[in-house]
Amino acid sequence: MMPAPNSAALLLLLLLPGTLTGNTDSVPIQVEVQNPIDKIPPVTYSTHVVYRGILLGAMKTLMASNSDFKFTFTEDPNYGPYLHSVNGVAGNKEKHTYWELLVQSPNGKITRPNVGIGCYIPNANETIILRFGEW
Ligand code: B12
Ligand SMILES: *[C@@H]1O[C@H](CO)[C@@H](O)[C@H](O)[C@H]1NC(C)=O
């Protein structure tokens, strides 16, 4: 006969959403496009990412649902997807311009991730800032 399932273990399963059980929750985030170089006012979009999903996925979801937001990326052999253009504005090697990836947490703190759009995993309610800048 099978032993009766341990009730403490069952409770633990119920309390761990997304770990052992499937998680269908979508994580809400915002994407803000900043282009101070061309003096374009910032635009903020709301989108979402699947549980523990990558930023690139959220950006593709946003592009598919909102015709105002578009982006292109190139594939770096070592580091993966490199964000090349946003809303028709492209980074340029000669002009030393690029799209910088910044993250603003709900408490307002802004950080610069040390990975690109293919590796960054957004957290709920973060504002992902795509900022056209110079290096
Ligand atoms: C210079 C540099 C840049 C320059 C590149 C300018 C240019 N076109 O020459 C600029 C300022 C544009 C840049 C941007 C970013 N970078 Co950078 N960059 C470097 C650095 C210091 C040297 C690269 C280099 O010249 N190698 C020598 C050449 C001969 O080799 P290469 O293969 O041709 O180099 C190319 C790639 O490295 C590519 N590249 C540079 N950074 C990144 C980042 C990503 C995600 C990708 C896909 C490609 C890429 O640009 C180089 C020139 O074409 C490296 C660290 C290091 N010491 O290696 C970090 C490094 C590659 N960058 C890194 C990061 C995180 C970024 C950013 C995501 C930072 C941010 N938060 O915005 C952005 C990219 C955003 C985007 N648009 O997708 C990380 C990548 C780690 C990872 N696994 O994702 C590194 C390793 C530094 C780190 N923090 O650890 N970067
Ligand atoms: C994100 O924001 C929503 C709506 O304001 C809130 O209900 C939720 O608790 C927040 N989640 C986190 C992890 O901050």
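These notes walk through the fold, the sheets, the ligand site and a few single residues.

1. **Ground rules.** This is a predicted model, where local features need pLDDT of at least 70, side-chain atom pairs count only at pLDDT 80 or more, and totals for chains, interfaces and linings use all residues. Residues are numbered from 1 along each chain as its sequence is written, chains are lettered from A and ligands numbered from 1 in the order in which they are written, and side-chain values use heavy atoms, with hydrogens and water left out.

2. **The chain as a whole.** The chain holds two helices and eight strands. Helices (H or I, at least four residues) and strands (E, at least two) are DSSP runs, numbered from the N terminus. Read from that end, the order is α-β-β-α-β-β-β-β-β-β. Of the 135 residues, 32% count as buried. Buried means under 20% relative accessible area, exposed means over 50%, and partly exposed lies in between (1.4 Å probe, protein chains only). Take contacts between residues at least 6 apart in sequence: 50% of them join residues at least 24 apart. Contact means heavy atoms within 4.5 Å.

3. **The five-stranded sheet.** What is the strand order in the open sheet of five strands? It is β2-β1-β8-β6-β7, with mixed pairing. Two strands pair if DSSP finds at least two bridges between them. The edge strands are β2 and β7, and each pairs on one side only. β6 and β7 run antiparallel and are joined by two bridges. Across this pair, V103 stands opposite T111 in β7.

4. **The three-stranded sheet.** A second open sheet has the order β3-β4-β5, with antiparallel pairing. Its edges are β3 (71-76) and β5 (89-90), each pairing on one side only. β3 and β4 share six bridges in the antiparallel sense, and they form a hairpin with three residues between them. F71 stands opposite V86 in β4, and F73 stands opposite L83 in β4. S85 has A90 as its bridge partner in β5. The β4-β5 hairpin has two residues between its strands. How much of β4 is buried? Five of its seven residues are, so the strand is mostly covered, with buried meaning under 20% relative accessible area.

5. **Helix α2 and the sheets.** α2 lies across β1, β2, β6 and β8. The helix runs at about 110° to β2. Axes are lines fitted to C-alpha atoms, for helices over the stretch in contact, and angles run from 0 to 180 degrees between N-to-C directions.

6. **The ligand site.** How many residues surround ligand 1? There are 17, and the closest are G80, L83, W99, L101 and P113. A residue is near a molecule or strand if one of its heavy atoms lies within 4 Å of it. The shell divides into ten nonpolar, three polar and four charged residues. Here Ala, Val, Leu, Ile, Met, Phe, Trp, Tyr, Cys and Pro count as nonpolar, Asp, Glu, Lys and Arg as charged, and the others, Gly among them, as polar. β4 (80-86) and β6 (97-104) each supply at least two residues of the shell.

7. **Polar contacts to the ligand.** A polar contact is a pair of N or O atoms within 3.5 Å; within protein, one must be able to donate a hydrogen and the other to accept it, and residues adjacent in sequence count only if both atoms are side-chain atoms. A polar backbone atom of W99 is 2.8 Å from a nitrogen atom of ligand 1. A backbone N or O atom of L101 lies 2.7 Å from an oxygen atom of the ligand. A polar backbone atom of G116 is 3.4 Å from a ligand oxygen atom.

8. **Positive phi.** Most residues other than glycine have a negative phi. R52 is not a glycine, yet its phi is positive, about 60°. R52 sits in the loop between β2 (40-50) and α2. Is R52 buried or exposed? R52 counts as exposed, because its relative accessibility is 55%. N125 also has a positive phi, near 70°. Its place is the loop between β7 (110-111) and β8 (127-134). N87, in the β4-β5 turn, has a positive phi of about 50°.

9. **Q34.** This residue lies in strand β1 (residues 26-35). Q34 is buried, with a relative accessible area of 18%. Leaving out residues up to four places away in sequence, Q34 touches P42, W99, I129, L130, R131 and F132.
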